[in-house]
Amino acid sequence: MVNYSRFLLIFLLLMLGMSSAQALDCGRASTAVENTICDSKELIWLDRLYTDSFRDVVVEDPQRIESMVQQWTRSRDACVSNACLQRAYLNGIGQLYGVPASFDWQGVWWNTTTTHGNGGKILLHSITDWGFSMDATIWGGVYKSVLSGSVNNFYGVGYTNEITWGGRCAIILVPRADGKLEVSSDNRGSCDMLLPGEMAIDGVYVKAASDPRPPATLLTLGIFPNKALDDRFRELVGEDYQRYLAIATSFVYSPDEDSFGATVLTLWVKGMANRQSAMIMYTAEGKIWALRIEPDKNDTDIQLHYVTTEKDKSIMPKTLANWRAKFTER
């Protein structure tokens, strides 16, 4: 649910002059510091990240945060080098989030904010006062990336732009007072090549022995609107329910070409839409039609699996038949 009161408060704060944490407009850069920032993609990203951090926390204590930002801005503007500006932004982000004086970095951390079929796991080890080593695995559908490198500890904030084969891919790890990690990357810039298929390392991480996210269902994903329909589909497809769930790493609503008044969804595995896909149709009354496509055992052709709650199993709705034709008439 959108928190309109939060957005309204931020808007009012900005209108009242509490705007020192607005993102830098490089089209209007006028000072030496502003031009130095705008000449560096990494510093532009850190400036944007600082602004986003401000917006995340300003509603908690507006006056204290604004005073902190004003002091920080003066210290940033006293910098005369890129390295100084980098440290200033890291220090400022740590101040905004209230980074704890000590933090237990060691262990395996899991991204709790990614959607079904996507995820992230970060192993932090070899901890010293100055930093630690990071081995991260990020996945989304059929895509997977491994990001490894040394992370420096600046003012209690982890930062690296030395990912192996990363081409200056920059990642920041911010400890939170609740014991979680806020992880952000320059995934629209220097990290883009390491994260294909719209994957992202970004998110809120918790330390755990295994992925702490609850198992997904077609109901929790929003494929079905209520438990009754989800249960009816489970009964209809049996063990194949898990196959449909595995396919649903991406999905969109599609038109009902039969005018049944049905809801139609097309599901697919991200990166494998032409080989692992499904279409589900259902009505509010509980009628269901579903077609699943997967590679055959030799991975040389595709198999089609059609099910329906209707008595005549041989009649396939035009919606499904037209979708099937995209795979069979090639």
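Helix H8 (residues 318–328) lies across strands S10, S11, S12 and S13 and runs at about 175 degrees to S11. The strands it crosses belong to an open, antiparallel sheet of five, ordered S9-S10-S11-S12-S13. The model is predicted, with an average pLDDT of 89 for the protein and 92% of the residues scoring at least 70.

**Sheet S9–S13**

- The edges of the sheet are strand S9 (250–254) and strand S13 (302–308), each of which pairs on one side only.
- On average, neighbouring strands of this sheet are turned by 15 degrees against each other, direction ignored.
- Strand S10 (residues 263–268) and strand S11 (residues 277–282) run antiparallel and are joined by six bridges.
- In this pair, Leu267 stands opposite Ala278 of S11.
- Strands of a sheet pair through backbone hydrogen bonds, in either a parallel or an antiparallel manner.

**Helix H6 on the sheet**

- Helix H6 (residues 227–237) lies across S11, strand S12 (288–295) and S13.
- The direction of H6 is at about 55 degrees to S12, whereas H8 runs at about 175 degrees to S11.

**Helix pair H4 and H5**

- Helix H4 (residues 62–77) packs with H5 at an angle of about 170 degrees, and their axes are 10 Å apart.
- Because of that angle, H4 is roughly antiparallel to H5.
- H4 contributes Ile65, Met68, Val69, Trp72 and Arg76 to the contact, while H5 contributes Leu85, Ala88, Tyr89, Gly92, Gln95 and Leu96.
- The residues of this contact comprise eight nonpolar, two polar and one charged.

**Asp104**

- Asp104 is in the loop between helix H5 (82–97) and strand S1 (107–111).
- Apart from neighbours within four places in sequence, Asp104 is in contact with Trp109 and Lys207.
- With Lys207 there is a polar contact between side chains, at 3.1 Å.
- The Asp104 side chain also reaches the backbone nitrogen of Gln106, at 3.5 Å.
- Asp104 and Pro317 are 213 residues apart along the chain, and their C-alpha atoms are separated by 57 Å.

**Confidence**

- Residues 6–10 have a pLDDT below 50, and this stretch has nine contacts in the model beyond near neighbours in sequence.
- Over residues 12–19 pLDDT likewise stays under 50, and the model has ten contacts beyond four places in sequence for them.
- Where pLDDT is low, the predicted coordinates should not be read in detail.

Technical notes: Residues numbered from 1 in each chain as written. Predicted model: local features only at pLDDT ≥ 70, side-chain atom pairs only at ≥ 80, totals over all residues. Heavy atoms only, no water. Pairing = 2+ DSSP bridges. Helix = DSSP H or I, 4+ residues; strand = E, 2+ residues; numbered from the N terminus. Axes fitted to C-alpha atoms, helices over the stretch in contact; angles between N-to-C directions. Contact = heavy atoms within 4.5 Å. Polar contact = N/O pair within 3.5 Å; in protein donor to acceptor, adjacent residues only side chain to side chain. pLDDT = per-residue confidence, 0-100. Parallel < 35°, antiparallel > 145°, perpendicular 65-115°, else oblique. Nonpolar A, V, L, I, M, F, W, Y, C, P; charged D, E, K, R; others polar.
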